[in-house]
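Please open the model in a viewer and keep the selection tool at hand.

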Protein chains: 4
Amino acid sequence: TTGSLTVYLTHYRLSDSASYSDSSDDETSPRDKAQANSKGSSDFCVKNVKQAEFGRREIEIAEQDMSALISLRKRAQAEKPLAGAKIVGCTHITAQTAVLIETLVALGAQCRWTACNIYSTQNEVAAALAETGVPVFAWKGESEDDFWWCIDRCVNKEGWQANMILDDGGDLTHWVYKKYPSVFKKAQGIVEESVTGVHRLYQLSKAGKLCVPAMNVNDSVTKQKFDNLYCCRESILDGLKRTTDVMFGGKQVVVCGYGEVGKGCCSALKAMGAIVCITEIDPICALQGCMDGFRVVKLNEVIRQMDIVITCTGNKNVVTRDQLDRIKNGCIVCNMGHSNTEIDVASLRSPELTWERVRSQVDHVIWPDGKRVILLAEGRLLNLSCSTVPTFVLSITATTQALALIELFNAPEGRYKQDVYLLPKKMDEYVASLHMPNFDAHLTELSDEQAKYMGLNKNGPFKPNYYRY
Amino acid sequence: TTGSLTVYLTHYRLSDSASYSDSSDDETSPRDKAQANSKGSSDFCVKNVKQAEFGRREIEIAEQDMSALISLRKRAQAEKPLAGAKIVGCTHITAQTAVLIETLVALGAQCRWTACNIYSTQNEVAAALAETGVPVFAWKGESEDDFWWCIDRCVNKEGWQANMILDDGGDLTHWVYKKYPSVFKKAQGIVEESVTGVHRLYQLSKAGKLCVPAMNVNDSVTKQKFDNLYCCRESILDGLKRTTDVMFGGKQVVVCGYGEVGKGCCSALKAMGAIVCITEIDPICALQGCMDGFRVVKLNEVIRQMDIVITCTGNKNVVTRDQLDRIKNGCIVCNMGHSNTEIDVASLRSPELTWERVRSQVDHVIWPDGKRVILLAEGRLLNLSCSTVPTFVLSITATTQALALIELFNAPEGRYKQDVYLLPKKMDEYVASLHMPNFDAHLTELSDEQAKYMGLNKNGPFKPNYYRY
Amino acid sequence: TTGSLTVYLTHYRLSDSASYSDSSDDETSPRDKAQANSKGSSDFCVKNVKQAEFGRREIEIAEQDMSALISLRKRAQAEKPLAGAKIVGCTHITAQTAVLIETLVALGAQCRWTACNIYSTQNEVAAALAETGVPVFAWKGESEDDFWWCIDRCVNKEGWQANMILDDGGDLTHWVYKKYPSVFKKAQGIVEESVTGVHRLYQLSKAGKLCVPAMNVNDSVTKQKFDNLYCCRESILDGLKRTTDVMFGGKQVVVCGYGEVGKGCCSALKAMGAIVCITEIDPICALQGCMDGFRVVKLNEVIRQMDIVITCTGNKNVVTRDQLDRIKNGCIVCNMGHSNTEIDVASLRSPELTWERVRSQVDHVIWPDGKRVILLAEGRLLNLSCSTVPTFVLSITATTQALALIELFNAPEGRYKQDVYLLPKKMDEYVASLHMPNFDAHLTELSDEQAKYMGLNKNGPFKPNYYRY
Amino acid sequence: TTGSLTVYLTHYRLSDSASYSDSSDDETSPRDKAQANSKGSSDFCVKNVKQAEFGRREIEIAEQDMSALISLRKRAQAEKPLAGAKIVGCTHITAQTAVLIETLVALGAQCRWTACNIYSTQNEVAAALAETGVPVFAWKGESEDDFWWCIDRCVNKEGWQANMILDDGGDLTHWVYKKYPSVFKKAQGIVEESVTGVHRLYQLSKAGKLCVPAMNVNDSVTKQKFDNLYCCRESILDGLKRTTDVMFGGKQVVVCGYGEVGKGCCSALKAMGAIVCITEIDPICALQGCMDGFRVVKLNEVIRQMDIVITCTGNKNVVTRDQLDRIKNGCIVCNMGHSNTEIDVASLRSPELTWERVRSQVDHVIWPDGKRVILLAEGRLLNLSCSTVPTFVLSITATTQALALIELFNAPEGRYKQDVYLLPKKMDEYVASLHMPNFDAHLTELSDEQAKYMGLNKNGPFKPNYYRY
């Protein structure tokens with residue numbers, strides 16, 4: 001089950017400066033190198049530990065936009081809520097992740113880390129972590145064999161046994177479950193970020209095989225809003241602009257799907273002067289679209305007139321070959337939803353059509369009559385392929401992960417059973433409150449009298465679980 | 001428990017034409033009049049059955065904006081899903097309600113009706129219903145005694161026993177529960193629309209005394225969005241304009257509370273060029289406010305600069321006398337939240353302040369130094385006092401009520417226990433889908449393949465229950 | 001030439017409180033009454049000078065929103081720039097006008113005043129002015145004969161000769177020109193506000209008969225933006241809401257004409273969730289519409305689908321009977337442009353159509369097949385008929401008038417010839433700057449170095465005359 | 001006067017694919033190469049005529065977004081309005097310019113071309129033009145000597161004498177004026193696009209030395225709106241995102257200057273959830289800012305709180321060193337106005353501050369206390385340095401240039417004197433109308449009756465010259 005291995009594109013920007021080293025690097029596999037950090041430790045495996053200084057600078061810059069974690073370090077440093085926690089982690093390894101890991105360490109945890117994706121590791125950052133004493137096993141461009149080797153090295157350490165798992169995709173969890181069942185059984189908690197990983201956990205739970213409390217942080221309110229609505233509101237513009245330089249004003253756009261992602265895309269494009277209509281299967285979302293000022297149409301009704309077609313449905317074959325045949329010359333087609341099957345790109349790989357790569361991530365697919373359709377990122381996720389995830393969004397995620405670890409590690413006996421949980425609302429609210437200073441936002445506090453009147457605790461949670469935000 | 005009796009203002013517009021008759025009417029109490037409709041029935045009690053024709057016109061106009069119910073009549077008329085239903089109803093009696101009642105009748109139900117509010121009855125509409133054969137007991141300007149007399153007449157009919165209750169506020173439910181326990185026990189369902197009524201039902205349920213399945217339609221997704229976000233987005237502008245003629249452009253506004261109501265107010269005022277900031281207690285909502293472009297402040301920080309102060313918190317004493325003392329000359333203060341305690345209006349009724357009524361619903365409260373604060377609706381709900389609820393919003397509510405009745409009446413044995421339920425998502429979606437034609441909106445249908453891929457039924461429900469919309 | 005007499009509707013709100021007196025008033029014509037103010041003067045003619053106190057309160061309230069004039073009083077009171085000015089004025093007589101008149105007096109002018117419209121006079125305000133010593137000749141409900149009698153009494157005062165004219169519509173100017181040519185010739189200036197009056201002045205100028213410098217304040221930048229763009233952005237919503245309670249969200253709207261008024265209407269409706277398209281004859285404005293996100297269509301293409309049709313063209317027969325025949329049931333049709341000929345209302349007054357007045361300013365026009373078209377204000381201006389002009393907009397106008405009078409009265413010999421002029425840009429900017437405090441707006445000042453770099457005077461004007469804003 | 005030589009950055013995107021050849025190219029100066037196109041002509045000087053095929057593809061792609069020119073070719077091809085025109089041109093040489101040149105040729109003109117900028121030439125495009133028979137003298141990376149050599153070769157052709165000049169910056173015009181006075185005197189017209197070039201023409205005209213009619217196309221309505229308002233509305237987001245990946249939601253932004261550029265920036269940032277305030281010196285623009293919902297502040301009042309500072313004033317030292325000292329850590333500072341002096345960047349090049357280049361166009365300027373200010377493009381124009389100009393905007397410009405040439409070349413004797421003119425409004429409208437099909441926009445035509453009523457010609461112009469749009 002190497003699902004996450006196949007993710008073709010990384011979603012973290014490798015800053016321009018970081019890439020200086022790639023070409024000059026030697027070709028030796030990190031597994032075959034003998035490296036030690038300046039303290040003499042060799043308990044890590046990265047591309048080149050000598051790049052630590054460059055990675056450290058990246059981490060410092062990231063820290064500036066992740067003040068929530070820095071603030072968490074300060075607030076919780078005295079009590080060390082993670083003292084005794086032995087965390088194995090498997091995530092993208094970037095400057096932002098480094099800020100998370102170093103926060104966990106500052107709160108008392110011991111951490112060992114590996115990458116959830118074979119392409120996304122920032123080598124300099126991994127070097128900086130290794131130099132600082134965190135055992136990291138990851139580099140950019142791992143083979144599949146490397147990938148599992150790294151995971152194993154991360155878990156399998158003589159005289160050390162993990163009691164917490166932080167995972168993104170479920171591969172680490174799966175490996176521990178299969179290879180180290182005794183570690184798995186004794187773990188105090190699993191925190192999982194991805195849709196895929198959460199899905200696996202629910203399956204495990206259904207099968208009665210989940211013997212550890214797990215926390216699904218993917219569905220926490222704050223993270224969801226930022227990953228989808230707020231992030232896509234900006235990245236749809238950015239992704240389209242970087243690839244095509246298209247002018248938005250007056251463009252006719254159809255957005256397929258009016259969930260959080262679709263809402264973000266529509267609101268941004270409308271604001272820039274595009275004329276936007278939507279398609280929906282769900283009448284409640286469709287009604288929201290109406291009230292927000294978008295015509296709700298079937299794709300077939302409008303496909304001939306559109307300048308831009310965007311999918312955000314989570315479904316497959318939302319734009320079919322038949323529709324692509326009827327699309328007009330010069331139309332831009334892209335996917336903001338999931339996977340790469342929302343647009344039936346496979347159907348375009350047929351002999352009568354010519355593909356012309358005009359820029360990175362931009363193909364002109366040319367019909368026999370000369371019609372060109374501009375396909376972005378070959379139908380993969382535009383926001384991940386052709387835009388970047390702002391550090392602020394990553395800060396929300398990382399803070400959520402840290403609080404989930406703290407919650408699971410410190411929960412009194414019995415609060416969490418062997419099941420999958422959502423982050424408690426109070427912790428979700430705490431994630432948000434840690435980000436208030438970024439906006440110089442000042443919360444109002446309830447008076448005793450008001451708290452009583454509302455039937456609320458003054459420190460929250462402030463809403464019932466079913467509240468829709 | 002006559003909570004709903006004390007609602008001072010009706011929230012349904014009495015159209016200008018309808019008021020012609022009020023002054024010419026005699027002063028005799030309807031209870032003392034002998035009236036019969038043209039078919040000879042006297043099983044009703046209204047102000048003047050002869051006004052039926054005028055009421056009929058009002059109903060016909062309302063029907064034009066309530067095509068969802070008309071469409072429901074058509075779709076369900078053959079199967080008569082309410083055949084056998086004997087419904088007692090207690091709601092505002094307006095043209096829109098009449099469309100609901102006549103829909104229930106068209107679907108096979110027998111109905112008897114009374115008013116949930118002593119001021120809100122449109123006499124002509126009640127007359128039209130009576131003329132058409134619906135036993136109605138209601139008139140504008142009932143006394144409290146009249147109110148309960150009407151409820152009793154509605155329920156207590158020789159040889160007829162209600163099996164369904166449709167309530168708004170819980171007074172009818174309470175009356176049946178207390179006075180006709182045998183009717184209560186045998187009822188097949190209760191549908192309740194109001195916050196107050198729902199609260200009472202949950203209390204009954206907690207106390208183990210709810211021996212009937214009840215449906216809370218107040219919290220259905222569609223109704224909530226329309227009652228709060230969409231309705232307030234328009235009524236904040238309307239309410240301010242009708243009362244004060246204020247120009248919105250460039251005005252500094254603080255909105256206290258960024259829930260659905262606050263979101264609606266903020267979005268509308270920002271769009272009209274006001275400079276809006278918000279106060280919040282909940283960090284998640286505060287973060288949403290930041291991302292939507294509003295400064296999050298404490299009221300004390302900005303109170304001196306504001307041109308307009310709006311409360312939408314559901315809390316009390318959100319604007320205190322101390323703050324009102326510091327507010328600037330000419331500032332408009334109003335409440336969009338609940339009740340009339342969000343602004344501490346009571347504190348303004350003190351001898352050193354002069355109240356000057358400058359228009360209906362508009363008071364100048366004048367400080368000794370000449371400062372004037374413009375208080376709207378004496379701190380009661382601006383949207384209900386100084387604006388109107390669009391028929392479309394009422395159509396959403398009425399359709400939700402009708403579908404809840406159908407669901408409860410037709411549910412297979414065992415689906416609903418003696419508890420309070422939310423409207424099933426599929427019915428909620430059906431409410432929305434019935435309103436699609438109003439917008440000429442065309443839903444997309446899942447292909448079999450797509451439905452399978454998504455793990456969905458092609459006819460919905462399309463979202464998990466916890467989906468946040 | 002009594003054009004302005006026929007204006008059917010006033011555009012100043014008579015506040016509710018002001019109407020108290022109308023019913024109790026006697027029927028005697030003011031011309032037949034002997035009245036004196038408390039100082040014994042009888043040089044005025046109003047409905048009832050005893051209402052002065054009520055009028056004074058209205059004026060005081062208006063002053064609060066007209067701080068620009070109050071500030072002008074303060075800044076210019078010492079130098080009395082209008083000392084020696086003898087101004088005859090003919091405008092609507094409202095609380096806002098009173099603030100203007102009393103400002104002119106405070107700056108040294110002697111004023112005599114009359115009404116430019118037979119319906120729009122606020123009697124209490126006229127009383128307050130008379131009481132304070134300003135000779136006013138005006139009341140609500142003048143006959144045509146009264147109208148000219150009042151103008152004559154205003155101009156024709158023994159031992160007093162006007163040297164400045166402030167006019168709105170050109171009737172006063174015309175009367176002086178015709179009846180008192182010697183006054184006309186010796187006048188130092190005319191200030192005219194209305195399109196009609198300006199048109200008359202240009203004709204006079206063309207004919208070589210304008211022997212006085214005149215200032216067209218109608219076309220000053222600030223006034224234009226407020227009269228059209230900013231005012232209509234708010235009044236379109238207000239006018240539609242007060243008359244029809246329509247919900248804007250999701251409504252399909254066509255706006256005919258994308259000039260300043262159309263731009264205001266479109267921006268407001270779009271912001272409220274309506275789906276708006278436009279018609280245009282001018283490709284530049286049409287291109288602006290595209291870039292602002294509106295589809296540019298021909299009316300015939302969309303007329304069947306629209307929920308609301310709004311005209312703002314300044315043209316006639318923009319909506320024809322043929323199109324009205326094809327419009328859909330329940331469509332709202334209204335005019336924000338000019339006159340009452342944009343919609344071919346005359347064509348609807350034909351025997352096969354039934355008109356039903358459902359509220360003040362709202363007619364249902366009913367086709368033989370039952371289709372209803374909702375016509376507002378019988379096709380007259382919605383913003384003037386069914387909404388109000390905010391005091392702030394009137395403040396802009398009044399300040400512009402005051403500055404134009406000061407400029408003409410103080411201009412050095414030779415600056416102005418016998419011609420029609422636009423307000424100098426510097427004065428236009430001064431109007432704007434006097435309104436800065438309303439918004440707590442702080443202007444930046446050029447440093448000497450910057451002014452030199454830009455080739456500008458530090459005090460303005462800041463833009464060339466052709467600047468488009 | 002080599003002003004335009006010093007433009008450091010090009011404002012046309014060199015598409016990725018075009019750069020393939022640069023590295024493989026030899027280092028020989030084009031002036032030293034003997035080249036001929038496939039027809040045997042050597043009357044050109046480009047980098048490598050063999051790259052023609054790649055340039056042709058670029059031109060074909062550009063044609064797809066420049067349908068206005070293609071449509072002009074079709075409409076005017078029969079009458080060949082430029083038959084006899086001998087045009088020398090000096091502009092950026094890009095795919096979009098090629099579409100313009102080939103349009104002029106299609107309309108009958110003979111053209112010779114050179115580059116107005118030593119860096120901006122797309123070599124492949126120049127090759128394609130040369131191959132097709134247009135004498136082009138330009139390559140990327142000219143020396144200053146090359147630059148003037150190219151201009152001379154362009155003008156000085158045995159047996160051929162230019163009668164029209166199309167210029168961008170005034171260098172070509174200056175050269176002809178100085179070196180070929182007899183050509184200058186006999187020319188039928190000059191069309192100039194840039195602010196600088198227009199300024200030079202006005203100076204020439206003032207000095208009585210302009211013996212040719214010249215047309216200032218820089219100030220035509222359509223071009224102005226697109227160059228400033230519409231272009232900057234999009235490029236501010238694009239420029240910030242590409243350089244910093246900043247998330248806009250909730251960011252505090254101050255925009256200095258609320259002209260067209262400032263209006264574009266503010267509207268885009270507000271729409272993306274930023275909290276925007278402005279500074280202004282002109283009270284009219286400031287009032288517009290108020291009505292659009294922006295607080296008007298002095299920079300000093302807010303400088304400490306801002307996350308992003310943007311200048312768009314056309315002035316210098318708008319952000320001073322003193323203010324930069326007080327700015328907060330992590331603040332982004334950039335210029336959308338003109339030149340590179342709006343921000344006092346020179347003051348930052350001092351020993352106590354450290355500059356760190358973190359990406360192309362992004363410097364961290366670091367204060368002794370560790371504070372970092374993120375300076376973009378070293379204070380040069382963000383939109384030109386870090387974003388791209390959409391082809392659609394270039395299409396507006398190119399079409400305006402083509403129509404200006406046609407107008408001047410075909411104007412009846414006496415219409416244009418030896419002066420500088422604005423493009424006639426009718427031609428300006430025609431530019432716009434040629435772009436209607438891009439938006440599938442349908443103009444309404446006046447009926448005869450309507451045209452008469454409005455006093456307009458049915459074909460325009462539709463507005464007086466002073467109309468503000």
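Two strands are said to pair if DSSP finds at least two bridges between them. The model on display is a predicted one.

**First stop: a sheet in chain B**

Select strand E8 (residues 275-279) of chain B together with E9(B). The two strands run parallel and are joined by two bridges. To see one of these positions, select Cys277(B), whose bridge partner in E9(B) is Arg295(B).

Now extend the selection to the whole sheet. It is an open sheet of eight strands in chain B, in the order E9-E8-E7-E10-E11-E14-E13-E12, and its pairing is mixed. Which strands stand at the edges of this sheet? They are strand E9 (295-296) and strand E12 (354-359) of chain B, each of which pairs on one side only.

**Second stop: a sheet in chain C**

Turn to chain C and select its eight strands in the order E9-E8-E7-E10-E11-E14-E13-E12; they form an open sheet with mixed pairing. Strand E9 (295-296) and strand E12 (354-359) of chain C each have a single partner strand, so one side of each is left without a neighbour in the sheet.

Within this sheet, select strand E10 (residues 308-311) and strand E11 (residues 332-335) of chain C. These strands run parallel, and four bridges join them.

Select Thr94(A), Asp168(A), Glu193(A), Lys223(A) and Asp227(A), which an unreviewed UniProt entry lists under the feature "binding site". Thr94(A) lies in the loop between strand E1 (86-91) and helix H4 (95-106) of chain A. Is Thr94(A) buried or exposed? Thr94(A) counts as buried because it has 28 C-beta neighbours inside 10 Å, and the cut-off for a buried residue is 20 or more. Asp227(A), by contrast in location, belongs to helix H10 (residues 221-244) of chain A. Asp227(A) is also buried, with 21 other C-beta atoms within 10 Å.

Next, select a further group from the UniProt record. Under "binding site" (unreviewed entry) it lists Gly259(A), Glu260(A), Val261(A), Gly262(A), Lys263(A), Gly264(A), Glu280(A) and Asn383(A).

- Glu260(A) is placed in helix H11 (residues 260-271) of chain A. It is buried, with 23 other C-beta atoms within 10 Å. Leaving aside neighbours within four places in sequence, Glu260(A) is in contact with Gln224(A), Asn228(A) and Leu229(A).
- Lys263(A) is likewise in helix H11 of chain A. It counts as buried, with 24 C-beta neighbours inside 10 Å. Not counting residues up to four places away in sequence, Lys263(A) touches Leu229(A) and Tyr258(A).

**Last stop: where chain A meets chain B**

Finally, display chains A and B together. Their contact takes 44 residues from chain A and 44 residues from chain B. On the side of chain A that touches chain B, at least two residues each come from H10, helix H12 (283-291), helix H13 (299-302), helix H17 (425-434) and helix H18 (448-454) of chain A. Which helix gives the most to this side? H12(A) does, with seven residues. Coloured by type, the residues of this side of chain A divide into 23 nonpolar, ten polar and eleven charged.

Methods: Residues numbered from 1 in each chain as written. Chains lettered and ligands numbered in written order. Predicted model: local features only at pLDDT ≥ 70, side-chain atom pairs only at ≥ 80, totals over all residues. UniProt positions renumbered as here; feature names shortened; annotations may be inferred. Buried ≥ 20, exposed ≤ 12 C-beta atoms within 10 Å, placed from the backbone. Contact = placed C-beta atoms within 7 Å. Nonpolar A, V, L, I, M, F, W, Y, C, P; charged D, E, K, R; others polar.
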